[in-house]
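Please read it alongside the sequence and the coordinates.

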Amino acid sequence: YSVGVDLKLDEVKPIVIPKGDKEMERLNRYLQKESGYTLSPTALFRYIECPLKFYYATIAHLKSSDELSDKIDALTFGNILHETMQELYTPLINKEKTPKKIEELRDKSLIEKSVDRVIGRLFQGDENTSNEDFSGDTLLVRDIIIKYIYEGILRYDSLRKSFKIDSLEEDVECCYPISEGRLVNLSGRADRIDKLDDETFQIIDYKSGNTPHLECNGIESLFTGSAYERISNIFQTLLYAMMLSKTRHKEARPSLYYASKMLSKEYSPLITDKSRDTTIERYSDVATEFERELNSVLEELFDANTPFTQVEDEDACKYCDYKKICRR
């Protein structure tokens, strides 16, 4: 005998959050210059990925659970790389003959000591900790970061044409105009800003991931393309370049330093637009298109009649912190 039971599962209904008075009050804080509230590139890209994800994180302030671990994860790996580069390059800010000074800085023992201090400070709470106290996993990560810096970033920078390091970990802010005279407060922290001989500013974002994202299928795809075409690293770097060009009134060059790939002598940090088969040398090359799409996103975000809805492309949900809420 075959015995079975028919189970009727409830249909998963789409989640729609209207923008009521409470939601608009929180959104409007980003339009008040002295409010202290600013939209970061991460938050803005979160809205582009999925308006509901933006609502959960930025409006409802739902936080994902933090899992404690005694191992160095990808985020900590990136933090070690960033802080070591900041420590190594801070004495070079606004110095002449920067490439030559970086070549002199390529002392492996000096880099090792800097990495050890940063790991000790971030991971063990004491920058004077000896690397003999590091676990096996930590030592492995330590050696990888030293290699990335010595054979990758410093080697690449030492061979560049003349430039100056203008600033490190600088807060970049911009009041971006949209309709009805409104100004949106945007801000973020740039890993590094270089000044080139032609007075162009090069904005550099360090990346520690193994998969480089240096190509896009056109600027529009960053805003309205599939989940795989909406590339956060490229969007954020272009947004930094936009803010820098508007606040300093100079040309800006967006660049991505993928440390693991800079071991190759053929590496270029510039972004490629595959739809045009061109390299984005300057922000002005894409400014019109980028700001047209950015305007569209911001107008929608601050429109009281447009609710927060789920993204249609469920590929974007795979690694989302809120996918259980959405039952996806």
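1. A residue is called buried here if its relative accessible area is under 20%. The model is a predicted one. By that cut-off, 9 of the 9 residues of helix 3 (residues 51-59) are buried, so helix 3 is largely enclosed by the rest of the structure. The buried residues of helix 3 include the charged Lys53 as well as Pro51, Leu52, Phe54 and Tyr55. Tyr56, Ala57, Thr58 and Ile59 of helix 3 are likewise buried.

2. What covers helix 3? The cover of its buried residues includes helix 1 (21-28), helix 2 (41-49), helix 10 (287-301) and helix 11 (323-326). Strand 1 (16-17) and strand 9 (308-309) also belong to that cover. Just after helix 3, His61 adopts a positive phi of about 55°.

3. Two packed helices are described by the angle between their axes and the distance between the axes. For helix 4 (74-89) and helix 7 (residues 136-158), the axes come within 11 Å and cross at roughly 45°. Helix 4 is therefore oblique to helix 7. The crossing of these two helices is right-handed.

4. Which residues make the contact between helix 4 and helix 7? Helix 4 contributes Phe77, Ile80, Leu81, Thr84, Met85, Leu88 and Tyr89. From helix 7 come Val141, Ile144, Ile145, Tyr148, Ile149, Ile153, Leu154 and Asp157. By class, the residues of this contact comprise 13 nonpolar, 1 polar and 1 charged. An α-helix has 3.6 residues a turn, so residues three or four places apart point the same way. The positions listed for helix 4, among them Phe77, Ile80, Leu81 and Thr84, may be read with that in mind.

5. Lys97, which is not a glycine, has a positive phi of about 50°. Lys97 is placed in the loop between helix 4 and helix 5 (98-105), and it is exposed, with a relative accessible area of 60%. Glu199, also a residue other than glycine, has a positive phi near 75°. Glu199 sits in the loop between strand 3 (183-196) and strand 4 (201-207). Is Glu199 exposed or partly exposed? Its relative accessible area of 36% makes Glu199 partly exposed.

6. Strand 4 is joined to strand 6 (residues 252-258) by 7 bridges, and the two run parallel. Within this pairing, Ile203 has Pro254 of strand 6 as its bridge partner. Strand 6 is mostly covered, with 6 of its 7 residues buried.

7. Leu238 is buried, with a relative accessible area of 0%. The C-alpha atoms of Leu238 and Ile102 are separated by 27 Å, and the two residues are 136 residues apart along the chain.

8. Strand 5 and strand 7 (residues 271-273) run parallel and are joined by 2 bridges. Here Cys216 has Asp273 of strand 7 as its bridge partner.

How values were computed: Residues are numbered from 1 along each chain as its sequence is written. This is a predicted model: local features need pLDDT of at least 70, side-chain atom pairs count only at pLDDT 80 or more; totals for chains, interfaces and linings use all residues. Side-chain values use heavy atoms; hydrogens and water are left out. Helices (H or I, at least four residues) and strands (E, at least two) are DSSP runs, numbered from the N terminus. Buried means under 20% relative accessible area, exposed over 50%, partly exposed in between (1.4 Å probe, protein chains only). Axes are lines fitted to C-alpha atoms, for helices over the stretch in contact, and angles run from 0 to 180 degrees between N-to-C directions. Angles under 35 degrees count as roughly parallel, over 145 as roughly antiparallel, 65 to 115 as roughly perpendicular and the rest as oblique. A crossing is left-handed if the near helix is turned anticlockwise from the far one by less than a right angle, and right-handed if clockwise. Contact means heavy atoms within 4.5 Å. Two strands pair if DSSP finds at least two bridges between them.
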